Every structure is written in structure tokens, then in C-alpha cells.
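Hello,

Here is the structure I said I would pass on.

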Amino acid sequence: MAKASRKSSRVSSREPSRDGFGDGPARRAGRAAGRALRRPLTGAARRVRRATHAHGAGESGLGKLIELHAVNSAGDMLITVALASTVFFSVPTHQARGRVALYLAVTMAPFALLAPVIGPLLDRVPHGRRAAMAGAMLARALLAVSMSGAVATGGLELYPAALGVLVASKAYGVVRSAVVPRLLPPRISLVRANSRVTLAGLLATGVAAPAAAGLHLIGPSWPLYGAFAVFATGTFLSFSLPHKVDSDKGEARARLASRETAAKDAAGGRPAKPGLRTVGPSVLHGLQANVCLRALSGFLTFFLAFLLREHPLGGLGPAASLGLVAVAAGAGNALGTAVGAWLKARGPEQIIAAVLGLALCTTVLAAVFYSAAAPVVVTAAAACAGLCQALGKLSLDAMIQRDVPEAVRTSAFARSETALQMSWVVGGAIGISLPLVGALGMAVAAALVALGVVLAVRGLLSAARRGGGPTPRVA
């Protein structure tokens, strides 16, 4: 009797149910199709996880920070596309210039006042770094929703929310700079870790850009809804970082003090406080050079955006021309990040001097030959700016790692990031104010780089000849 019952249950399990949804051929085919669709996604996820957790990054927690930064970059790109569609593409060029100028004035002017405060403020709350990163993510998620109603009209209520997004993004960047040294595996240097984090952000940006464009086809608010979902995910991921992120053991705040001040402290019997200007000229000259390179990036971003809208490249349209230049800049940035890791222990002073020379030659040639070969010139200038900015930033990181005492190194990274951000804003403001003449714009770009050459190259090469301090562990 029991055998008959078991046989009956086996037979019934093979038969489709009366409602037609049993374990029949259709159900098995559906499961097979689902597995086939999931396999590429799960395989890609496993490969990404292996890459982010390689060389001990998984054990130290750096892999989780890399993934969190990728989420952050994707969310920022979604908001950028939503704002660009409102502030830039939705109106004629002369109105767009006014809107962008208003955007910079309303958002960047308060940001210029707030940015110097963000770093020191966050230095005072080292025990809440995970909460600070989660708060920056959550703030942008809520602000993205609040902007969704105004993004279609471009009303003034959009700008305070955009300012909030900028401040939250800056706060995240400052805390991330402070967190990286806490999560270094034994086999990865600070600069190499930064390059991996940066590269992950670039890849996520490249994936998010077409996704944002597709969402914008549905409606102007949809990229912001996507940003809300991405930043909400980042809020939870922030708390997955290791608890040692919230430790401030052995840390202190950096102080911008001159050598004379340090000498007076020493003469008066007071211990010299470590600061950026007490460690030698390399960091200062490296920061000057990077400020000019970042100003070049901001200038080209805004100037080329308006120039290519009025004068597209070749037979391309405005959007395609901007897309080509954006791809060239992103490729240059990714190449610079990869080359920075490959150069390893080469002197960072020489690298910064070399990229300044490369940027100067490229921009001068672009100004001279713009009329004859505008598509090549513009693409080459954008790619060169991305390459030089990435290499210069990695080399600056190497010098801060080498010359700034460990006790104040994380604070030094935060302050250098503030200076670089504000220089990008200044370059962008110059780009907006210029007339849309390609050769003139390239000449101004060359002048920005020439300023960096005058300020920094001699000091960098002199510091390199003197040795510049201990051999840096660049990668």
C-alpha cells in the first residue's frame, strides 16, 4: 500500500497540474531560459567582484569601498545628465549660457564658501565616517527626488537642490579620501589603491551615461528617479565598510603653515606641528601644477560644450560631437590611471613636469591648427587633458604619501581635493565667458597650462634633483 502511494506521488509530480502550471515542458523551458539570461549577469558580477577584491582588497575592505565609489559615480552621472538636459540642451545657446552661468553663480559661489569648511568639519568627526558617507548618499537620494518636479521647467528652485548635491558629493569625496589609507592591503600602495578606486568610478560612469540617456527618453525626471535608487543603494553599502573606517588612531589635522612659522615654533621651544608647507616644496609645486591642470579640465568642459553646440565636428550633430569629446576625455583619463599604476616608482616630480609639457604642447598645437583640423584638434585636446589630469593627480598623491607625515596625511588629501575642485570651477567660469571661437579657446587653454609650467616646473625639477625625500611607493 505504501509503495503504491509513493509511486502515485512520483507519477503525479511529473504530470502538469490542472491549472497548466506544473513541472511540464513549458515550465522547464522557462527555467532554462531564466538560467540562460541570468548566467551572463551573474558571470559579470563574479568577474567584477574578483577584480575589486584582488590582491587582498577583499580582506581589507578596500574592495567594498571600490564598489561603493562605483555606485557613487553612477549616481552622479544620472544627476548630471538630468541637469544637462534642463540647463543646457533644452534652450537656445545664448539662453543656455545664461542658465549655466546662473547655475555656477547660485551653486558654486556658496560652495566656494562651504568647501574649505567641509574638510576640517569632517576631520572632527572621524568616528562617524561610515555614517557621513551614508548621509551624503541619502541626502543626494532625497535631493534627486526633490529636483524631479523642477527639472522639466528649469525653475529657480532647481538650483538650491543642485547646491545641496554638490556639497554632499564633496563631503563624500573628502571622507573617501580619508578612508582609503585605513583600508590599504599590505600589497597595495596608496596611489595604486586610489587608481583602482578612480578607475572603478570611470567604468561606472561609462555604464551609467547611456542608461541615463535611455531614462531621459522616457521623461526628464526619470534619470533622477534612477539616481534616487542608486544613492539609496549606496546608503546601505556605506555601512558594509569595515568598522576600522571609523577609527582615528594615530591621526591629526593638517595645518597650512609656512616654514617660517615652523621655525618660530621650534625657536620658542614649541613642537613643530606637521603641515603641508613644512614638508618641502614638492607637494606645493605639485599642487600648483594640478590646480592648473584641473582648471584646464573645467575650461574645456564648458567651452567645448558651447562651442560644439554651435559648431559641431565634421558632419556630426551637436550631441554626437559632445559625445565624441566626452569619450576621448574619459579614455584619456582611464589611460592616465593605468599608466600611473604601470610607472610604479618613477619620480612623481618628473611625471608632473612631463605632463605639463605634454599639455602645453598639445594646447599650443591645437590653437595653431584649429582651423585646419578642428575634429582632430578638439579630440586630441580632450584626451590629453584627461590623461594629464589623471597622471598629475596620481603623482600628487604619491608626493603627499611620501612627504606628508602619516598623522596628517588623510587631512592633507581632503584639503588638496578642495583646492582642485575650486580650480575646476574657475576654469569653467572662464570657459563660459569666452566668445565661441575655437582658436581663441585653445589659446586660453594653452595659457592656463603655461601658468602651471611657470609656477611649478622649475621647483619640481629642482626638488627632483635634490632627491625629494624618501623613495615613494607610487604603485
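Residues are numbered from 1 along each chain as its sequence is written, and side-chain values use heavy atoms, with hydrogens and water left out.

Overall, the protein has 16 helices and zero strands; these are DSSP runs numbered from the N terminus, helices being H or I of at least four residues and strands E of at least two. There are 475 residues, of which 48% count as buried, meaning under 20% relative accessible area with a 1.4 Å probe, protein chains only. Taking contacts (heavy atoms within 4.5 Å) between residues at least 6 apart in sequence, 83% join residues at least 24 apart.

The structure holds one salt bridge, defined as a side-chain nitrogen of Lys or Arg within 4 Å of a carboxyl oxygen of Asp or Glu. Its partners are Asp76 and Arg140, at 3.0 Å from N to O. Asp76 sits in helix α4 (residues 62–87) and Arg140 in helix α6 (residues 129–147), 64 residues apart. Both residues are buried.

Helix α11 (residues 281–310) reaches 44 Å from its first C-alpha to its last. That is close to the 44 Å expected, where the expected span is 1.5 Å times one less than the number of residues. Of its 30 residues, 24 are buried.

The largest nonpolar core has 54 residues; such a core is a set of buried Ala, Val, Leu, Ile, Met, Phe, Trp, Tyr and Cys residues joined through side-chain atoms within 4.5 Å. α11 gives the most to this core, with 14 residues. Phe299, Leu300, Leu304, Leu356 and Met442 touch the most other members. Beyond four places in sequence, Phe299 has contacts that include Gly427, Ile430, Val444 and Leu448.

As for confidence, pLDDT (the predictor's confidence in each residue, from 0 to 100) averages 75, and 66% of the residues score at least 70. Helix α9 (residues 222–238) has the highest mean, 93, and helix α10 (residues 259–267) the lowest, 48. Residues 8–21 fall below 50, with five contacts beyond near neighbours in sequence. Residues 254–263 also stay under 50, with 22 contacts beyond four places in sequence. Where pLDDT is low, the predicted coordinates should not be read in detail.

Regards

Definitions and conventions
This is a predicted model: local features need pLDDT of at least 70, side-chain atom pairs count only at pLDDT 80 or more; totals for chains, interfaces and linings use all residues. Buried means under 20% relative accessible area, exposed over 50%, partly exposed in between (1.4 Å probe, protein chains only).
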